Amino acid sequence: MNRTIVFLTILMVAAAPVFGADDSVAKAMKLYEKRHYAEAATMLRAELPSIEHARQGTARLTLGMIYLKNAELHRKLYLEALSLHQDYLKKLAAEQGKSRSRFVDLYLGEALLASGKGEPALSYLQKFASTEGLEPRAKAMAQVSIGLCFALKGDMQKADEAWAGLPGADPEVKAALAAAYSKAGLKDRKPLQLANESLEVLKKSGPGASLRYLTNVASVYAAEGLADKGIDLFKRADLKAYSYKEAVSKAKIITFYDAFLLDDLAQLYLMAGIASLEKALEDGKIRDTVNFYLGEAYAQSGAVDQSVKSTAAFIASSMPQQYRDKAAARQAANNYRKGRQFDAIGVWDELSKKQPLDPELLAEILIVCSGVRADCPKLAAKAAASVEAGEGRRFSLLNIALGRYYSAKKDFAKAASYLETGRDKSNKNKIEFNDPEMLVNLAEAYYRTKKFSEALEIYFEMSKQFPEVRQLQEALQGIYAMEHKSAGDVKIY
Amino acid sequence: MRSNSPANRPGNIGTRSRTCEKRGAGSLNVKKNRALRFAALTAVLIAGTGIAEEMKSVPTSGAKPGESRDEKKFETVAPMLPGAAEPVSAQTGTEKQQVEPLSLRPLTKIEKERNDSNPQWSPLGTLIAFERSIGDKKEIRIMTADGTEVQTVYFQLSEDGAADTKFFFPGVYEEVSYNAGITWSPGGDRFVFMSNGGEGNYDLYQQEIGGKGAARLTEHKEKDGQAHWSPAGNSIVFVSGRTGNGDVYLLNLATRALTRLTQGGKAYLYPRWSPDGKRIVMMHGSNENHHIEMITDPARPGESLKRLTAWASDDLRPVWSPDGRKIAFYSNYNTTGDPKAWSLIVVAADGSDPAEGEGLAAKVVASDVIPDVESGPAWLPDSKRIVYVKDDRVEYNPLYVVDVSQKTSLPIKTDTKMNHDVTCSADGVVAFRALVNQWDQIFLMRLKN
Amino acid sequence: MKRTLTVLLTLAVVFSAALLAEAGRKQDNRPDGGTLSYGEYGRPATLDPITSNEMISLRLTELLFNGLVGINEKQEIVPELAQRWDRSSDGRVYTFYLRKDVTWHPREGEEPKPFSADDVMFTYKIMMHPRTITPLKVRYEFIDKAEKIDDYTVRFTLKRPILNALAKFSFKVIPKHGPVNPQFLTRDDAFVQNPIGTGPYMLKNVTAEREIVLTANDNYFKGRPHVDQIVAKPFADQNIMTQALMFNAIDMIVLVNPRDIPEIQGDKRFILQPYNALSYSFFGYNCRNPLLADKRVRQAFTYAVNRQEMLDSFFNSQGTIISGPFAPGSWAYNLDVLPIPFEPQKAIALLQEAGFSRGADGFMQKDGKKLTLSLKVPIEKESEAVKRVVLAFKNYLKNVGVDIKVEFKEWQAWKEDVFLEHDFDVIFASWVFDDSADISSLFHSGEIGPWKNNFGGYSNPEVDGLINESKLTLDHEKRRTINRKLHAILADENPYTFLWTLTNYAAFQKKVRRVAIHPYKFFSYADEWFMEGKDQK
């Protein structure tokens, strides 16, 4: 009976023949399976109004799933970009002499600020702001970030000093300031209004908005909960665009990127996902399934209590045991987040004793473990033994989970080896065959073990579907160029 | 649009959509023998090329799957072209003379995005199996000779929960199964194949034509493969890695009794039963140096093991002549010492020919051939001629036919390129793969007797 | 006095070597033992690091020899035969202080001889000798002079400082007492087939089946390698090689045939490990032919071929289409340059623009001359896949009215036609680079000439200028910028039709542990590989 419900849902969601081959939900699902997330979401969202009432819930559920997965991917991309940017920019910043980049200070400062390192950020930003002969907008951008550094420290006086006298008429600066207010939680300064004003100015003045500008406005929208509006900002944007191109000399041109583009995208997708899933909850037929995903989405957004509620509802449902077990593993992670580490580990251990053990469940447990950075050596050992003995691709998920576990533990050599085992070799870089999030994990492991070209190849292929990975590619290329050691050999064959 | 468009060939959309009627001879043919469901003479437009391939007498099988036929399957309609005359010495390699096939056509519709390979005729020639690669999936397709689908073998050990997983972890993984190496039972109603069932371990399975499930024959963590069904009984030989090297095993399908036939530090590969099912020929050796060896009495495999070749050359893929008197194999023996230049050698199956030296070198029937360990070379039913692939760079691996007693070779005019995997049915239909528009297709061809 | 010193020194060396032999085991608690056999499709031409010029040999020399410095997995320059070094402040003088505990692999019945500065000087001189046939010479022309300071100190003075100079001292050192001819090295010298080195493995013998048997060097200065024996097995047939792996007759294939990847991937006993050699395949054009001197004609050819289709069918999609002269995994790739799409109509238009028109026979003509070109392909490259590519190229170009006459040639004859006589219109080949992704020798007009890498005679002052600037700079970002520009120019100019980078996979049994692979030299870290006692055979 339980199974029937699930299968009914599956039929509704995935099986095209029931509703005709051109059914938009089925089409979106197909795109989703191929990991063409943005395309899937845009298409399904546009089709929502024309979908019959009885199918609205399913459509919303599907849309929510798509957004959620895209949010996870972009969260991972953002974190990876942040660390790559810092590694690269630190190397650039260490150069001396007149061919040293000036803008490296601005972008390194911003990257440090984004990763919560306010002090070093401030010193780079101030160094940049004091550079002679800067164009006013660049200087203003630095001032905005300097102000944010102080504001986040709670030093509003210095923040205001930094923010005083900015060229407020410049929509780019206005948007940056709005984003800074928003990030500093200064709602009273009406960041949304500021952002909208800048939009008006920009519309009148004509020239297209820069990606940095859009990103700043999107930050504000995200903070205000305007997910759809935020996503729409990027509809026609070139997501691989650089933020600034500095011609240090004729033959030395450096491009800089904004990592927080990825942060914004991750946030917006997550919010849109939650909104869509919450709507889907109205459809009683699929409520249980929706709760499964909502639990996950709330947890990602940091709303642990809500996650606990949704997850508990799913566990209490009559859905098949294997999924309720997975939900139980996630619920334990919620408890872990709430400080009940001991209980959580107990639940995971208990679940992992199930006979016969489903590799997917073990994988799920390991992944939630990694998600909260819990130390689960027993589980990892069990999983390692299981993949050693296990057969076929059913275990690729478990290999990937082990890889993610060791990534979280910063044992990148081990991570690379497990993730590599879990990778589909015949289609090694294709996102249609390999979860892009897994590929980003693998690229990270390769980067950390200095196999730069392997990491670059992953992003090269991924950029065809996700142009926004360009900033990771550029940073990685820069590091590779500086770090490689070789004799200059070339052979024909 | 075919004049005889038989209604009893469901699913034969094969060549039809790109096939048009050519001339009246076909309908004449049909009139002559409607019951035999002969195809008309056709010209097939190969997809996209715009090149019209001459099609003569399309051989079709009207037989139901698994059913043996006593009917005549082919009718020769197209005459040999004038000038397909006297064979010439393989050594002189005259290119002007060539053999015109009586019929030639692709087995299925010419398509892209998949590569077909390794055709295997059922013993009676009623069915043909081949392997189809789509991405990294590999499945076995079984068809009648006219391209009617009979069965697809794509074996999955566990299918449980696939739909659930699709929903909860869409696209996260897909079990990809790899199926290959089919061998037919003497009656053509059953077959054995190798599969990993999507789970990472190659073993052998048995299935019936039309049957749904496959029965597992072997289960070992090392690979089992290269099975060959005895033409005379209910047993197979196969190669297993379980000894650590690759050894030949005999499996009685009725009792499931397993007997190891070979012992030794080097691999034994590609065992093949003699047509009478009494002897087994195989290759044995390492890297660049394999020998042809024969078990003349499977009951006494050790004592009855005979070396047919024992020299420094690499000898691959022995194939019995249909009369069981000769064995053909590939060898990288050549006068220049180039390890990648291959010859075709034919020796007496009774071991009476020299196993090395000039004596064996004298048994070369064709030089500059493309070796292939999966299928080919293809003996014709008369046991006098072999169809093989020539390493001719101008013509891109054309098909040749050699008269083994005269050692004279003639090119076969197929106009197909990158030919490979040649095999011949008991009644003389040659199947092979060839490249059309960058993708491999299976072709069927009949030669003049 | 001096004599005494030398004797003492020698004694000290012998003594320390003996000590090391005692303490020669690695201190990593991993088991020694076992034999690892690996399959190669083909035989190595030579086994020495100077005359060898193909990848099969390169992989073997990596096991047999050492450089002054090495590059570890973390991309750090690490001591090998030199235990330390210093660099003058102007970056022109490098002084290497050599290890005193290194011995050469002993010849049978002989005591191991110590390694010294003389061997380094000998190697450098023989490498640069005009009569030595080696691809290395051009790469070391940046060295102005080499001097022996004392038995364990050598000094190299550079013509000018260059980026990554230290890494270039990873060239392999051969013993002074090795080659028969002390002046220069050719493939006739017995040494090239029976070399001795300082590396982790020693050549034991070559069997009748041409297996190359290497045994662990107990005296290896980094500690005895774990695996007792490594056996290189050449195969004449790739399918047999794969089956040999599948049935356990060999433990590893260093480069898996792309068509066999699905079958190996389907077997959980094996690990398929990618290693990213920075390489790509291309059709290269001879710009000396006036027809091909016209950029539009070369561009037309690139529009005419469907590269993705070839990659999908012939190589099982195991690779990536490229847009220019770098591999996508390289740091130098210009991500803004997209591959030219498959557009036969555009190809025809370009040819028409270049003055061609279709003749009655369907082929393009200009001034009454049919557009017929010769494509030369080396036989060494000949495999099923290569023939398919060549055939497809011929067909694609026929569709736009170009007649390609294909000629397969023996490797040596092909090289003479291409690099010496320049007698060809089009070639199909591949370049493989180490991490430097250095294309300067491929497209600089100064590299036109006999046996030089700019075989097509491509000449463009702008490209020359950029390459010169890139060679002179010590600034990584500047070099990156220059390479991006080079990429864009060459992608537009089409001196080649750039095709694809193929994925390289090694396949090996899971029992071989801790396998790290150098993407170019392969066996650089093989001394660390090991097998558990139960898996050793």
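Student: Which residue is the bridge partner of Ile492(A) in β20(C)?

Tutor: Keep in mind that this is a predicted model. The bridge partner of Ile492(A) in β20(C) is Trp431(C). Ile492(A) falls within strand β3 of chain A, residues 490-492, and three bridges join that strand to β20(C). The two strands run antiparallel.

Student: How many residues does each chain bring to the contact between chain C and chain A?

Tutor: Chain C brings 55 residues and chain A brings 37 residues. On the chain C side, the elements giving two or more residues are α5 (261-265), β12 (270-275), β20 (426-433) and α14 (476-493). By class, the chain C side has 21 nonpolar, 18 polar and 16 charged residues.

Student: Now a pair of helices. How do α5(A) and α15(A) pack?

Tutor: Two packed helices are described by the angle between their axes and the distance between the axes. Here, α5(A) (residues 53-93) and α15(A) (residues 287-301) pack at about 30°, and their axes are 11 Å apart. Angles under 35 degrees count as roughly parallel, so α5(A) and α15(A) are roughly parallel to each other. Their crossing is left-handed.

Student: Which residues make the contact between α5(A) and α15(A)?

Tutor: From α5(A), they include Leu61(A), Met65(A) and Leu68(A). From α15(A), they include Val290(A), Tyr293(A) and Ala297(A). By class, the contact has seven nonpolar, three polar and two charged residues.

Methods. Residues are numbered from 1 along each chain as its sequence is written. Chains are lettered from A and ligands numbered from 1 in the order in which they are written. This is a predicted model: local features need pLDDT of at least 70, side-chain atom pairs count only at pLDDT 80 or more; totals for chains, interfaces and linings use all residues. Two residues are in contact if their C-beta atoms, placed from the backbone, lie within 7 Å. Helices (H or I, at least four residues) and strands (E, at least two) are DSSP runs, numbered from the N terminus. Ala, Val, Leu, Ile, Met, Phe, Trp, Tyr, Cys and Pro count as nonpolar, Asp, Glu, Lys and Arg as charged, and the others, Gly among them, as polar. Two strands pair if DSSP finds at least two bridges between them. Axes are lines fitted to C-alpha atoms, for helices over the stretch in contact, and angles run from 0 to 180 degrees between N-to-C directions. Angles under 35 degrees count as roughly parallel, over 145 as roughly antiparallel, 65 to 115 as roughly perpendicular and the rest as oblique. A crossing is left-handed if the near helix is turned anticlockwise from the far one by less than a right angle, and right-handed if clockwise.
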